[in-house]
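The following explanation is intended for a reader meeting this structure for the first time. Please keep the sequence and the model in view while reading.

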Amino acid sequence: MDKFMDAAIEEARKGRAENGIPIGSVLVLDGKIVARGHNQRIQKGSAVLHAEMDCLENAGRLTAADYKRSTLYSTLSPCDMCSGAVLLYGIPKVVIGENKTFQGPEEYVKSRGVELIVLDSQECKELMNELISTKPELWNEDIGE
């Protein structure tokens, strides 16, 4: 696989170990990870701490030029909220672990000029399928159903 997606998967495993949603994300700038995050809605009682949002929060304040040179990695296709953050900050590329268990507004994000790469990772699918089968109520809450 890809070393940056491996880091995002490591974050997803942290989320699972904390009894949360196993989704992870990393932000890469100039070939280096500058921030990591994982879904912490359960752990922190948050309405917005999806993996991508946690990652961007952990990055702190970056310049517009930094965002325009960055790549966001996520183990799962970003939802509307997280895709909105990608568009807001002008992140030009998102690498997605998988989009079979959930697919965000990928076509819209692409129409706005963002390059999306879907790796179709079996490991990412297994993390999500395990959660969906064992804790469907948490999953439905996370995706707003």
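Serine 83 has a relative accessibility of 6% and therefore counts as buried, since buried means under 20% relative accessible area. The model in which this value was computed is a predicted one. Serine 83 belongs to helix α5, which covers residues 80-89. When residues up to four places away in sequence are set aside, the contacts of serine 83 are Pro78, Pro105 and Val109.

Burial is also the theme of strand β1, which comprises residues 24-29. Of its 6 residues, 6 are buried, so strand β1 is largely enclosed by the rest of the structure. The covering extends to both faces of β1. On one side lie Gly24, Val26 and Val28, and on the other Ser25, Leu27 and Leu29, all of them buried.

Which strands pair with β1? One partner is strand β2, formed by residues 32-38, which runs antiparallel to β1 and is joined to it by 6 bridges. Within this pairing, leucine 27 has alanine 35 of β2 as its bridge partner. The two strands β1 and β2 form a hairpin with 2 residues between them, and in this hairpin aspartate 30 adopts a positive phi near 55°.

Another partner is strand β3, made up of residues 70-76. This strand is likewise antiparallel to β1, and 5 bridges join the two. Here the bridge partner of leucine 29 is serine 70 of β3.

Definitions and conventions. Residues numbered from 1 in each chain as written. Predicted model: local features only at pLDDT ≥ 70, side-chain atom pairs only at ≥ 80, totals over all residues. Heavy atoms only, no water. Helix = DSSP H or I, 4+ residues; strand = E, 2+ residues; numbered from the N terminus. Buried < 20%, exposed > 50% of the residue type's maximum accessible area, 1.4 Å probe, protein only. Contact = heavy atoms within 4.5 Å. Pairing = 2+ DSSP bridges.
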